[in-house]
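Here is a brief report on one protein model. Keep the sequence and the 3D view open as you read.

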Amino acid sequence: MKSKLIAILQQEGADIVRIGNVERFSDPMVKAVFPGTKSVIGIAFRQLRGSRRGIEEGSTYYQYTTTALETIEETIIPKALLRAVAVLEDAGFEALPQRRNQTVMQSMTDTNFEVDYRSIYRGKSAEPQLDFEQCAVDCGIGERGLSGSILTGEFGPFIRYAFILTDAEMEPDPICEPYLCDHCRECIRSCPGQALDAEGKRDNWQCSAYYIGANRRRNPFMPPDAFRNDPERLKIIAGEANLSPERAREIIDQIIFYPPIKHGYWASICGRACDTACYIHLEEKGILKKRFKTPFRKRPEWYLPLEG
């Protein structure tokens, strides 16, 4: 059963398939979401490295919406999950697919920086949700980096992942022994909005505003008169403003400098800078198994002047 599932998922484009026994999962929601769970199947798909090329060269926004997130999360992952669950059902087992819910949150005050804050349903405590990062670790997909991103030996942080909860018992894969993240703090340093604190904890509201381009030094599409009536204009465009949730919403509502194709996800002007910096660091260390003909960062990182 295990080998058949892996073959099916690989046919559907999965780059990593790992299975964990439910007893080693620390997230209690695993059993709450699907009572009777005995195994958790984790599947991961690479994000295309080329999708970050535009922002790395300063020529266009990071195509996170159309290639790495929208297509994978909304098309490829659901199809792969459905095929794998059908195989389990055909063998007489029950299974439940789980992909990350981007718009339903149990918290009343938090947000998801990848989507428009106005699209989120908040305070929905009746909706049990998995801790996706912890489940990825417990499945053996990868290790948790300083910023919270899951790192894999093949692709670093450039992955998206989902899970299948099932009552089928399968031989578990080992949990990854952490060796990738060396706490270099490049993820923290690279954030254009200082949304990661010294311990790597993310302020999601701060992140959301700078994810879509509030920092002029990292946004070639920002017009010279942006935020002209805001008393904190210089702090905002320098990435130095400390934004409350209310202030973050005010800033976000003004950021329409590069209108993307209409998606359920933001277009990332920062290029998910924390993950990009992490990837570059891991590649320069020569620690990633997946190699390319040329390094990702081919010249010094670019910045724009705040004025002029």
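## The largest cavity

The largest cavity has a volume of about 130 Å³. A cavity is a set of points on a 1 Å grid, over the protein atoms alone, where a 1.4 Å probe fits but cannot get out. Grid points are joined across faces, edges and corners, and a volume is the space filled by probe spheres set on the points. By this rule there are 2 cavities of 30 Å³ or more.

This is a predicted model: local features need pLDDT of at least 70, side-chain atom pairs count only at pLDDT 80 or more, and totals for chains, interfaces and linings use all residues. Residues are numbered from 1 along each chain as its sequence is written, and side-chain values use heavy atoms, with hydrogens and water left out.

In the largest cavity, 19 residues form the lining (an atom within 4 Å of a point). L146, C181, C184, C187 and C278 lie nearest its centre. Helices α6 (186-190) and α10 (273-285) each supply at least two lining residues. The largest share, 5 residues, comes from α10. Helices (H or I, at least four residues) and strands (E, at least two) are DSSP runs, numbered from the N terminus.

## The largest pocket

A pocket is an open set of points with protein on both sides within 12 Å along at least five of seven lines. The largest one has a volume of about 1100 Å³. Its lining counts 38 residues, with R100, N112, F132, E133 and N204 nearest the centre. β6 provides the largest share, 3 residues.

## The sheet

β6 also belongs to an open sheet of 4 strands, ordered β1-β2-β6-β3, with antiparallel pairing (at least two DSSP bridges between two strands). β1 (16-21) and β3 (95-98) are the edges; each has a single partner strand, so one side of each lacks a neighbour in the sheet. The twist averages 20° from one strand to the next. Axes are lines fitted to C-alpha atoms, for helices over the stretch in contact, and angles run from 0 to 180 degrees between N-to-C directions.

Strands β2 (residues 39-46) and β6 (residues 159-166) are joined by 8 bridges. F45 stands opposite R160 in β6. Helix α5 (residues 132-139) packs on the sheet and touches β1, β2, β3 and β6 (heavy atoms within 4.5 Å). The direction of α5 makes about 75° with that of β6.
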